[in-house]
There are 2 protein chains.
Amino acid sequence: MAVSNIRYGAGVTKEVGMDLQNMGAKNVCLMTDKNLSQLPPVQVVMNSLVKNGINFKVYDNVRVEPTDTSFMEAIEFAKKGAFDAYVAVGGGSTIDTCKAANLYSSSPRSEFLDYVNAPIGKGKPVSVPLKPLIAVPTTSGTGSETTGVAIFDYEQLKVKTGIASRAIKPTLGLIDPLHTLHMPDRVVANSGFDVLCHALESYTALPYHLRSPCPSNPISRPAYQGSNPISDIWAVHALQIVAKYLKRYVTQQGIETEQKKCDPPSCKMCLVLECPEWDCPLEAWSVDIEECHWKGQEGCHGMSYPISGLVKTYKAKDYNVDHPLVPHGLSVVLTSPAVFTFTAEMFPERHLETAKILGADIRTARTQDAGLVLADTLRKFLFELNVDDGLAALGYSTADIPALVRGTLPQERVTKLAPRPQSEEDLSALFEASMKLY
Amino acid sequence: MAVSNIRYGAGVTKEVGMDLQNMGAKNVCLMTDKNLSQLPPVQVVMNSLVKNGINFKVYDNVRVEPTDTSFMEAIEFAKKGAFDAYVAVGGGSTIDTCKAANLYSSSPRSEFLDYVNAPIGKGKPVSVPLKPLIAVPTTSGTGSETTGVAIFDYEQLKVKTGIASRAIKPTLGLIDPLHTLHMPDRVVANSGFDVLCHALESYTALPYHLRSPCPSNPISRPAYQGSNPISDIWAVHALQIVAKYLKRYVTQQGIETEQKKCDPPSCKMCLVLECPEWDCPLEAWSVDIEECHWKGQEGCHGMSYPISGLVKTYKAKDYNVDHPLVPHGLSVVLTSPAVFTFTAEMFPERHLETAKILGADIRTARTQDAGLVLADTLRKFLFELNVDDGLAALGYSTADIPALVRGTLPQERVTKLAPRPQSEEDLSALFEASMKLY
Ligand SMILES: NC(=O)c1ccc[n+]([C@@H]2O[C@H](COP(=O)([O-])OP(=O)(O)OC[C@H]3O[C@@H](n4cnc5c(N)ncnc54)[C@H](O)[C@@H]3O)[C@@H](O)[C@H]2O)c1
Ligand SMILES: NC(=O)c1ccc[n+]([C@@H]2O[C@H](COP(=O)([O-])OP(=O)(O)OC[C@H]3O[C@@H](n4cnc5c(N)ncnc54)[C@H](O)[C@@H]3O)[C@@H](O)[C@H]2O)c1
Ligand SMILES: [Fe+2]
Ligand SMILES: [Fe+2]
């Protein structure tokens, strides 16, 4: 069989020990966070490692929304352990931390800033070989198991930045829908909002063929390249999934899969871990996925970095952490009504189309109202999902706007694909309009 | 920029010289076939190589629908040339030949059968490093620029087989829609039929979670793994494209792209190569695509191999070759009405859904007629596209059926995912039913 980088199926996590054995791993680092270390996703992995006779050490000190300090602590652990493979069990925070630990322990003489994106870091290319990393995502928003990106808060400057290199992409992602059963409400909602905003930003981004100037050499094409026929397919599909399932999930707690049911159906529990029929992991499928999904980002993501970076005292419900925290998904979604009202004039039909997918009746909508229609649809959606009432509910006020704007400006990589360029005044107005939603 | 394995855009081929320069190539092999060597796609590539000062040699002896003999001739050329990079400009025949040339010239001591799929060859894994290969597809059906597969007729046994290894996957694919402007009618139609059948077979294949038995180790999962949520998305999208554009193309000759028009629109030729405004290649986008598209295959492909392998005298129109030839797309599509009539009882809703996408009115269709409805839709489609009237038109008769059946049986890899298993009698009946279509 060809090596594939993603395997999907209820129960695939049980196979992780065999995968490590296939890779020849003998001394494995299992990374996770304090909450997950008590939960079934980590237990399933540990059982599989034990069953397959694989030695491992656990690092469960991942910080939810990691920082340079928390990255460095994980790197130290990795350096001491001299591991020959990594397994990251958790959300984007855990997978990203594990990528950094793998990178810097494989390149022990590098300074931390060497590989961090410019202008904050030096953005050096990675030329050292890394160890295999198996990512077992437990949330359903970041897609970090498929990306060569590791994101963290750079505490000194209070900005989010990251490391971007294909070298840190996980060797294998095991996507097991059962893990999502354990996610608390707000984690489901916020990771879903990350998907929602990526899809909206991607679908309404500047199309690839309108970017200018043409680079003089193909090697200098940007990674964020604008909307295109393939990212459009994924964006629309992701919006349809969010529209159909996210609200249902948050309100009813349950997953819906196409998994094989117990046959004969012996218990109502056939879709949860405890089902006695589940000794053999269900059949899985695998694909090779790269970061082809989101090829454009704009306002919401650019503005989100200072919103989470400048957090004062807000502690997100359900995240069970001891530090102030605005989760990534929340920080992107709160500005979405304002942002899409602003951007709609460039590609109003696409804005209307997304509103329709999210449930709006657009039969009588006028093109010039596309932004308002989408914004209203988003506000209704957020209200029904019990989202905090805007930036004010997170502790921000008008006095914070200059700092929020300053924090957005360095994110040029992200915001320059916005269909409509944003001046400082525009950004101020967008933050102001996002203070209250309802 | 991250290295991406596919770049799409009208005009991207003009950049191939720069791409080779970026790769450090100094002595390049340009492979193509005799028809294409006279046409703009090859000329554009040559101009770009010259402009960027890259030394190259041309091999234009690729056989349309390659054989082991034609592969070996290309391999000899590659061995002698000691090239440090390859560019393949053509359809699946050219790209596949180039993959083989790259592989065996990088592994000069291997016997030809070493890397050929078992049971015909030894199916050895590839461990030697290959040279970079840039694929410039000129047809729009095979997707060979994204796969680690090279297909050929093994003349001795009159069967199609291939080489399958991730190692032979092209380093980069440059997808330039302009090249398709030069395709003759039947090449457009037949490469479109390949897409059509892959999409239908994939969408109606056994779902991944109904495959059995579960493999005991994830490493032994099959490459053809059944339908799944991701391949479903691509299959439906491909069907929509075929339904919307294929007939139009064949009848009207023209491409429809979302490319930037000349601004101000100075000529009606802005979408063809000769447009004077096209000095700067238009902006492009790139993705990393793997063979995630088609994860199930069934009847049509399994039965196609003997249909093309046992060809007697039929010479496909528009292919301009001096040997008998049943093009791959034609060999798969002719059995499609019979095959989908046969398979429909397993997943009738999916069969009806595809009929609808292809233009059928299914509002009053009954589930038990799903197969007939899809078959009628396909027949109408093929008739409108001037497709030969069944296997009889290719020179086959009832007397050939035993040989055709024998030629299908070794294709177990492919046919075992058919939603309904096929006995020898079933196969005979399917070939018989495909003798005449209209
Ligand atoms: N690398 C990338 O490509 C990429 C992309 C997008 C976002 N990110 C980053 O990912 C981080 C966010 O990750 P996230 O949203 O996946 O969440 P997370 O990893 O930050 O976890 C959020 C909370 O949910 C808990 N949790 C996670 N899964 C659980 C489960 N199944 N059951 C119970 N509790 C569970 C965690 O313990 C934590 O308290 C941010 O730092 C963001 O910037 C990275
Ligand atoms: N490797 C894979 O993954 C894969 C997948 C599917 C099929 N295939 C193989 O690919 C082969 C078929 O390839 P194909 O359908 O792309 O066609 P092809 O390469 O066989 O070419 C068909 C004919 O069209 C001509 N032609 C191609 N492009 C042209 C253009 N732009 N303008 C004018 N003439 C043009 C060629 O000269 C030739 O005469 C088969 O051998 C099939 O088995 C391979
Ligand atoms: Fe995000
Ligand atoms: Fe095919």
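**Entry 1: ligand 1, chain A**

I started with the shell around ligand 1, where α4(A) gives the most, with four residues. The model I am reading is a predicted one. I listed 28 residues surrounding ligand 1, and noted A:Ser93, A:Asp96, A:Thr138, A:Thr139 and A:Thr147 as the closest.

I then looked up polar contacts. A:Thr138 places a polar side-chain atom 2.7 Å from a nitrogen atom of ligand 1. For A:Thr147 the polar side-chain atom lies 2.7 Å from an oxygen atom of the ligand. The backbone takes part as well: a polar backbone atom of A:Met183 is 3.3 Å from a nitrogen atom of ligand 1. On its own, ligand 1 has 850 Å² of accessible area, and the protein covers 96% of it. I noted α4 (92-105), β6 (149-154) and α5 of chain A as the elements that give two or more residues to this shell.

**Entry 2: ligand 2, chain B**

I found a polar side-chain atom of B:Asp96 at 2.8 Å from a nitrogen atom of ligand 2. B:Lys160 has a polar side-chain atom 3.1 Å from an oxygen atom of the ligand. A polar backbone atom of B:His182 is 3.1 Å from a nitrogen atom of ligand 2.

Ligand 2 taken alone exposes 870 Å², of which the protein buries 95%.

**Entry 3: iron ion, ligand 3**

I looked up the donors of the iron ion (ligand 3) and found A:Asp194 (OD), A:His198 (NE2), A:His301 (NE2) and A:His328 (NE2), at 2.1 to 2.2 Å. Angles among the four donor atoms run from 82 to 177 degrees, and the site is irregular. I checked this against the tetrahedral criterion, which needs all angles between 85 and 135 degrees. Along the sequence I wrote the donor spacing as D-x3-H-x102-H-x26-H. A:Asp194 sits in helix α5 (residues 185-204) of chain A and A:His328 in helix α8 (residues 328-333) of chain A, so this pair ties together parts that are 134 residues apart in sequence. I recorded both A:Asp194 and A:His328 as buried.

**Entry 4**

B:Asp194 and B:His198 are four residues apart in helix α5 (residues 185-204) of chain B, so about one helical turn separates them. I recorded B:Asp194 and B:His198 as buried.

I looked up the UniProt annotation for chain A. The unreviewed entry gives "domain: Alcohol dehydrogenase iron-type/glycerol dehydrogenase GldA" over residues 5-177. Over that stretch of chain A I read 27% helix and 26% strand, with the end C-alpha atoms 17 Å apart.

Last, I checked B:Glu384, which lies in helix α11 (residues 370-384) of chain B. B:Glu384 is partly exposed, with a relative accessible area of 31%. B:Gly329 is 55 residues from B:Glu384 in sequence, and their C-alpha atoms are 16 Å apart in space.

Methods: Residues are numbered from 1 along each chain as its sequence is written. Chains are lettered from A and ligands numbered from 1 in the order in which they are written. This is a predicted model: local features need pLDDT of at least 70, side-chain atom pairs count only at pLDDT 80 or more; totals for chains, interfaces and linings use all residues. Side-chain values use heavy atoms; hydrogens and water are left out. Buried means under 20% relative accessible area, exposed over 50%, partly exposed in between (1.4 Å probe, protein chains only). Donors are N, O and S atoms within 2.8 Å of the metal (3.2 Å for Na, K and Ca); water is not among the atoms, so sites may look incomplete. Four donors count as tetrahedral if all angles lie between 85 and 135 degrees; four count as square planar and six as octahedral if opposite donors are over 155 degrees apart and all others between 65 and 115; anything else is irregular. UniProt positions are given in the numbering used here, feature names are shortened, and annotations may be inferred rather than shown by experiment. A residue is near a molecule or strand if one of its heavy atoms lies within 4 Å of it. A polar contact is a pair of N or O atoms within 3.5 Å; within protein, one must be able to donate a hydrogen and the other to accept it, and residues adjacent in sequence count only if both atoms are side-chain atoms. Accessible areas come from the Shrake-Rupley method with a 1.4 Å probe; for residues, only the protein chains shown count as cover.
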